Amino acid sequence: MVLRHVRAARRPALVALGALVLAGLPHASAADASPTTGPAPGAAQTLGADRPSPHLLSALQRDLDLDAEQAATRLVNEAEAGTRAGRLRNSLGERYAGAWLRGATADELTVATTDARDVPAIEAEGATAQVVERSLAALRAAKEKLDAAAGRVSTLDTPVWYVDVVRNRVVVQAVDQAAGAAFVEAAGVEGEDVGIRLTAERPRLLQDITGGDAYYINDSARCSVGFSVTEGGRGGFVTAGHCGRAGATTTGYDRTPQGAFQASVFPGRDMAWVAARSQWTPTPDVKAQDGQEVRVTGSAQALVGASVCRSGSTTGWHCGVIEQHDTSVRYPEGRVDGLTRTTVCAEPGDSGGPYVAGAQAQGVTSGGSGDCAGGGTTFYQPVNPILSEYGLTLTTAAAAAASGQQGTGARAWTAGRVYEAGATVTRDGVTYQCLQSHQAQDAWAPAGTPALWQRV
């Protein structure tokens, strides 16, 4: 967060990449065309993946060992794959078992199903089909048993557990075999194909640091601004819950009075939001490298295997890939559920800072292990649950959110609301099903965004 008169927002030139498409995958169908406006924009155009920041591209080249063309192509491929995976998720229903990306340019989309009869439909969407034993719903049910057991037994020696869609199993990360086996037995999931991964890593909270702009809590501890938000007529930002409790005051990067924590949760989740004073203006910008910024256009959740970049004042701007969603982590201070695990490095001082996939907000830094010299693992609290929990509107480059036309009725599409993949809504008498989890914006009404909504 910055004072308007202290630092003017930069508007770097954007790279035009509209010709890039996911190799081997079909374009939007004719059904996505409007009789008055012509073909609807593709996923890359809707999500801004065809107009990436040059600072994002350079970081992807450095951290994922790509050249400029590969980095640009990867962002477009990831956006297009998310829409196709969403369509397949909706059509497969209870047989759906997850989706993920592979390849240097993320040109290999795999979708898993529990029924071999779905293979032709998956391949028709340009994806590779994988027939597996357990649906995503079954895997999540098994993880929920682990979550419940974690409330009864110590998990200090089994600090991480998650759904691994690539291997179609639930994984418990443990310091030794005995600890992992004991946790699995306590949860009653021995017959659920739960794998135990042995590692000496113990995730820690990345406190006393900043990601994005620095801010200070009660004039002592230091954390990082995540993403700018608004609530009613107030501006502010989201950050990690372990950074401060409700009522704690904050000062900005320049040590001038800034605001106060309005709500905070930790452990359980790692989420909080700070309401800022009127002189602090929310912007859609995230600090990149060399004092530049990346602009956020929305919050569509990226797939496993997609690239993601993080901003932090200790280690700067770094990228990696998403390994798993819905990960549980046992820090020494307590357990946190619903985190996303990544290969992005981080160090103490990067807590609370933002993660972006292309131009889409993903989450705020929670904790991790390792460092940026030898590599490491980090976990972020997804941003959409924070927005939904506190009724916040993400500040985006399109200045959309909750101010525009809204529908009526219990399931009516409403700008500013967070929708999960698979949710159904009505808009102008038509029913749509959500393809990718995101916060709705005025500019993303269902009829004009087949990248996010499918007419049913």
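The model is predicted: local features require pLDDT of at least 70, side-chain atom pairs count only at pLDDT 80 or more, and totals for chains, interfaces and linings use all residues. Residues are numbered from 1 along each chain as its sequence is written, and side-chain values use heavy atoms, with hydrogens and water left out. The largest nonpolar core has 42 residues, and a search of the whole structure finds 17 salt bridges.

**Nonpolar cores**

- A nonpolar core is a set of buried Ala, Val, Leu, Ile, Met, Phe, Trp, Tyr and Cys residues joined through side-chain atoms within 4.5 Å. Buried means under 20% relative accessible area, exposed over 50%, and partly exposed in between, with a 1.4 Å probe and protein chains only.
- In soluble globular proteins, nonpolar side chains tend to be buried together.
- Within the largest core, of 42 residues, the members that touch the most others are Leu-109, Val-111 and Leu-146.
- Two or more residues of this core come from each of α3 (68-92), β3 (96-102), β4 (108-113), α5 (136-150), β6 (160-164), β7 (169-174), α6 (177-187) and β22 (354-357). Helices (H or I, at least four residues) and strands (E, at least two) are DSSP runs, numbered from the N terminus.
- The element that gives the most to this core is α5, with 6 residues.
- Contact means heavy atoms within 4.5 Å. Leaving aside residues up to four places away in sequence, Leu-109 touches Ala-81, Arg-84, Ala-85, Ala-99, Trp-100, Leu-101, Ala-127, Thr-128 and Leu-303.
- A second, separate core has 33 residues, including Leu-60, Leu-66, Val-294 and Leu-387.

**The sheet β3-β4-β5**

- Three strands form an open sheet in the order β3-β4-β5, with mixed pairing. Two strands pair if DSSP finds at least two bridges between them.
- Strands β3 and β5 (128-131) are at the edges with a single partner strand each, so one side of each has no neighbour in the sheet.
- From one strand to the next, the twist averages 25 degrees. Axes are lines fitted to C-alpha atoms, for helices over the stretch in contact, and angles run from 0 to 180 degrees between N-to-C directions.
- The pairing of β4 with β5 is parallel and comprises 4 bridges; Thr-110 stands opposite Thr-128 in β5.
- Helix α3 lies across β3 and β4 and runs at about 15 degrees to β4.

**The sheet β27-β28-β30**

- This open sheet of 3 strands has the order β27-β28-β30 and antiparallel pairing.
- Its edge strands, β27 (424-427) and β30 (453-455), each pair on one side only.
- On average, neighbouring strands of this sheet are turned by 40 degrees against each other, direction ignored.
- Strands β27 and β28 (residues 430-434) run antiparallel and are joined by 4 bridges. Thr-426 has Thr-431 as its bridge partner in β28.

**Ser-369**

- Ser-369 lies in strand β23 (residues 360-371) and is buried, with a relative accessible area of 8%.
- Apart from residues up to four places away in sequence, Ser-369 touches Glu-201, Arg-202, Pro-203, Arg-204, Gly-376 and Thr-377.
- The side chains of Ser-369 and Glu-201 are joined by a polar contact of 3.1 Å. A polar contact is a pair of N or O atoms within 3.5 Å; within protein, one must be able to donate a hydrogen and the other to accept it, and residues adjacent in sequence count only if both atoms are side-chain atoms.
- Cys-345 is 24 residues from Ser-369 in sequence, and their C-alpha atoms are 8.2 Å apart.

**Salt bridges**

- A salt bridge is a side-chain nitrogen of Lys or Arg within 4 Å of a carboxyl oxygen of Asp or Glu.
- Arg-74 and Glu-78 form a salt bridge whose closest N and O atoms are 2.7 Å apart. These residues are separated by about one helical turn because they are 4 residues apart in helix α3. Arg-74 is buried at 5% relative accessibility, and Glu-78 is buried at 11%.
- Arg-51 forms a salt bridge with Asp-50, with the closest N and O atoms 2.7 Å apart. Arg-51 is partly exposed at 37% relative accessibility, whereas Asp-50 is buried at 8%.
- In the salt bridge between Glu-133 and Arg-134, the closest N and O atoms are 3.5 Å apart. Glu-133 is exposed at 63% relative accessibility, whereas Arg-134 is buried at 13%.
- A network of salt bridges links Lys-143, Asp-147 and Asp-326.
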